[in-house]
Amino acid sequence: MPSEYDAIVIGGGHNGLVTAAYLARAGKKTLLLERRHILGGSSVTEEIYPGFKFTVFSYVVSLFRPEIIRDLDLTRHGLMILPLESTLTPLPNGDYLYRGADHYETYRNVARFSQRDADIYEDYSRMMYFMAKAVKYVLGIVPPDPTSLNPAELNALLGMARHFLGLERDQFYTLVRLMTMSSADFLSRWFESEPLLGTLSASGIIGTFMGPRSPGTAYVLLHHYMGEIDGVFRAWGFSKGGTGGIADALASSGRALGVEIRTQAPVAQVIVKDGKAVGVALESGEELHARVVVSSLDPNQTFLKLIDPGILPDELTASLRRFVYRGSSGKVNLALDAAPDLACLPGPGAHLRGAISISPSIDYIERAYDDAKYGNLPQHPYIDAIIPSMIDPGMAPPGKHVMSCFVQYAPYQLREGNWDEKREAFGDIVVDTLAEYIPNLKDIILHRQVLTPLDIERTTGLSEGNIFQGELSLSQLFFLRPAPGVAKYTTPVGNYYQCGSAVHPGGGITGAPGKLAAQVILKDW
Amino acid sequence: MTKPPANNHYDVIVIGAGHNGLVAAASLAKAGKRVLVVEQRQTIGGAASTEPVFPGYQVDTGARDAGLFLPEIAAELNLEARGLRWLESPVLVYAPQPDGRSLTLWRDTRRSVAEIAAFSQTDAERYPKFLQEVSHFTRVLKRMMTVTPPSLPDLHAGELLPWLPAALNLKRLGDQEMMEFMRVLAMPVADFLDEWFESDALKGAIAAGSVMGGFQGPRASGTTFTLLYHALQAEEGFRSSRFVQGGMGSLVLALAEAAQQSGAEICTGQAVAQIILDGGRAAGVRLAGGEQITARVVVSNAEPRRTFFDLVGAPNLEVAFVREVKNIRLHSSLARLSFGLKRLPDFRAAGQAAFQNASREQLCGHILICPEMDYLERAYDEAKYGGIPTQPVLDIVLPTLTDPGRAPAGEHLMSIDFYYAPYSLKDASWDERRGELIDIVLRSLEAYAPGIGDAILHSQVLTPLDLEHDYGLTRGDIYHGQMGLDQLLFMRPVAGYGRYRTPLEGLYLCGTGTHPGGGVTGASGYNAAREILRDIR
């Protein structure tokens, strides 16, 4: 039977959309299937309460690859990234650390806590900028197989070795440290003041069930520095219209390139014949055929649900079952009647257009981890809050606001009870914690959406609510992501590919796995 | 041996008669160099000393288990002919449980399997496969012990060549095992063991040994590497364990004899005040008494920070290097308690009438109070904020069971490693809180060995502060620098100086702060001697 499509992409998250657009751009007749009624996966904007648009899950962008924006002409399709220029760390004693776009203001702020930290702050930023540049190379390559002796693989390995060994000594050693140390230890080589250390170290734990003192978190820190906006490294931004704006732009670009998109079309199964994928069966029973099937879902679904795992080698199934998800974060979205007012900086101001980080010290975050690692809810969690309506007024009715709060740690596996019982208690903890710094908060909350790791799993399909489709730990990176032998976007099933965050280079709104997958698919064509 | 050096010029001066210093001295002397070893303390051995702490007792004040000592060094220096006697206990770990049961892991895998089956049938079936995998991996790692790390990122074919056998060993694992090796190295030991086993008792007993010397809980990445490291010399086991008759001091004496027989001179009670520099080159040492002794080469067995800051002096080094030395991560991990006991303690759970007392045989390896990995993690939780764990992990040895000569007749020596003991306490100093350690230990042990408190005749407590003060272990770090993945190979002790050489010509390092790192391996001294001979041949 002739195939109706050249390619079917399962999942309309940002990576699925990127892959589909690139395939269509190469002239392939592509169909994208999304289970939900909206596109975006974890990068969606939804009007949960009338007039209030929530960036329900993912809420900031930085890591999105600029070449994808260019290739897919996303700006013309409505993508607009607004800068998120500052981070405010309010402290329990009423003081605060503010770091913004104004270099001298940041210097003065950091110096209030430590003159030494202020003096070295620029050096640190420059060093991380160069490290991100040095590692950027890896974002663009398909992981080579270190066990293979085939000349192409050896060549790729040599190329990589040449790249890294070609770094300056200091950069090389710093890279080794970033790959192996804890974010606390790494940062302590530079800084001494608690609020700065706490806030910087938080980038090392996002989406990861480790504390800032756990080795391996310095890599996550670096991962979060790899972002660039318009070629400016480590800039964070907010997509106009919320992160759903990215999905919308990608979908619009995809459609213009010829991608056919169907929402509310959950896939039940990938149809495999003679070891090759030939199409998909929808839950409705409808069957669609294509020459190539691509899954942007996580390995749990890609390998263990969409196909019969029995056709996979036993070792692979075992590896995939060992893949660590371990969701660690939750989300609380608030609809507010008025602007939040911070105790440390009352009234309006630029700080409300940036991030508000509840991370007064490394120990604060570490203690939250201590609670969570035994399956308990931390009473004092790390929170990264932004007020999207301050950056993009269209997100809430005039005079009113939305607030997006990323919360860690929220262990997927609770020691006692279940998340359905604990959801509101979790929401209360977050609001109580924030209210310590934002005294008017409780009075202005109109609506509250609490998303536990279980809710994230149920809504987006991310196993255990892991926002990266699998932990970004050293043993799950590069040629080990998601498992040896399936790290090159392929699967043991012919014509069946992966393009989600569970493959190199991993999570975050980067689009990189989607683009690399498309490259591999087109090369194999 | 307390006497000043006989001469005022040598080929090589070794600072510190720790086991690595002595291995270096013996190897260099054997190669025909005129070697002087100067030791600050009256006893040789450094952190591998045996001392008469209580009347009639031979107490190991530092390391107790020489399981990691490289057999090739023992053979090369003919240590067995010099009276070294290994004592291999039939049991690796005896782990009493709070519920009155106990898990004994024997050197004989079949016996262990039978024990494990009482806790979990699945685990019992998997245990031999687990040991097999561990031994596959240690076979690769073992090769790295006696090879000098290349000075990456610079590439010299000559430096890489010695690594070829290790690379081949890795390749020989087969593709799948090779990937598995790379995957597990950076894993938390908690995850690694969770993949293998379900029994808390078994996982606790294995995990406890893997964090030894490290200020990290089992959930820290890289602790699987340390598990493998501690298993390096185990024929078929998860932990290398081998005691020395007479205590570690006997190993050290055999090393000293090997050095002296080749002509090396060892002076104890002689502190080095300074390393003498001549035009940016190490030219000798000045002793605390003021005496100057010159040498072609100075080798420091001391911890790197001490070597560079106290003996060389930061002003004599480049700022960038000083910063790196300052940034070496040093953490204490444990405190040591030694007890002289008037009788052998009864290991059995209180109130468990049906429970059988542990046999003498079961008690002659390591007795571990670590019923689960979370117990270990919680002890670390308290310590990482500067507290003393109220439920510590205890690694206990009763050397007199196999070596009765180490205590007066009928009495027993009990040596306890207390995990974790942070260097800096939050609220008070160690000198104020030292006594609490004994209370905490006795309270914990009472549940497993009732009545132990009444058996105590003598006690000694070594806090991290004591380890620093008396044994030169800066910040109480028994490894002269943590064995994290960031401080290994060419990053150890300082990035770019992994080849035993230092920025000062003529000055070398041979302590445990260099590759391959911690434990009584002898490897650092052995490798340093090889590099020195290459330079001054």
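Mentor: A residue is buried if 20 or more other C-beta atoms lie within 10 Å of its own, and exposed if 12 or fewer do. Keep in mind that this is a predicted model.

Trainee: Is V298(B) buried or exposed?

Mentor: V298(B) has 29 other C-beta atoms within 10 Å.

Trainee: In which strand does V298(B) lie, and which residues does V298(B) touch?

Mentor: V298(B) is part of strand 12 of chain B, which covers residues 292-300. Leaving out residues up to four places away in sequence, V298(B) touches I13(B), I15(B), I275(B), A282(B), G284(B), V285(B), G506(B) and L507(B).

Trainee: What separates the C-alpha atoms of V298(B) and R360(B)?

Mentor: Along the chain, V298(B) and R360(B) are 62 residues apart.

Trainee: How many residues of helix 1 of chain B are buried, and what covers them?

Mentor: Helix 1 of chain B runs over residues 19-30 and reaches 16 Å from its first C-alpha to its last, close to the 16 Å expected. The helix is mostly covered, with twelve of its twelve residues buried. The cover includes strand 1, strand 2, helix 2, helix 11, strand 12 and helix 17 of chain B.

Trainee: Which residue follows helix 1 of chain B, and what is its phi?

Mentor: The helix is followed by G32(B). The phi of G32(B) is positive, near 95°.

Trainee: How is helix 4 of chain B oriented to helix 6 of chain B, parallel or antiparallel?

Mentor: Two packed helices are described by the angle between their axes and the distance between the axes. For helix 4 (residues 121-144) and helix 6 (residues 164-172) of chain B, the angle is about 175° and the axes are 8 Å apart. Angles over 145 degrees count as roughly antiparallel. Helix 4 of chain B is therefore roughly antiparallel to helix 6 of chain B.

Trainee: Which residues make that contact, and how do they divide?

Mentor: Helix 4 of chain B supplies R139(B), V140(B), R143(B) and M144(B), while helix 6 of chain B supplies P165(B), A166(B), N169(B) and L170(B). They divide into five nonpolar, one polar and two charged.

Trainee: Which are the edge strands of the open sheet of seven strands in chain B?

Mentor: The order of this sheet is 7-6-14-15-16-13-17, with mixed pairing. Each edge strand pairs on one side only, and the two are strand 7 and strand 17 of chain B.

Trainee: What is the bridge partner of L341(B) in strand 17 of chain B?

Mentor: Strand 13 (residues 334-341) and strand 17 of chain B run antiparallel and are joined by six bridges. In strand 17 of chain B, the partner of L341(B) is I456(B).

Notes. Residues are numbered from 1 along each chain as its sequence is written. Chains are lettered from A and ligands numbered from 1 in the order in which they are written. This is a predicted model: local features need pLDDT of at least 70, side-chain atom pairs count only at pLDDT 80 or more; totals for chains, interfaces and linings use all residues. Helices (H or I, at least four residues) and strands (E, at least two) are DSSP runs, numbered from the N terminus. Two residues are in contact if their C-beta atoms, placed from the backbone, lie within 7 Å. The expected span of a helix is 1.5 Å times one less than its number of residues. Axes are lines fitted to C-alpha atoms, for helices over the stretch in contact, and angles run from 0 to 180 degrees between N-to-C directions. Angles under 35 degrees count as roughly parallel, over 145 as roughly antiparallel, 65 to 115 as roughly perpendicular and the rest as oblique. Ala, Val, Leu, Ile, Met, Phe, Trp, Tyr, Cys and Pro count as nonpolar, Asp, Glu, Lys and Arg as charged, and the others, Gly among them, as polar. Two strands pair if DSSP finds at least two bridges between them.
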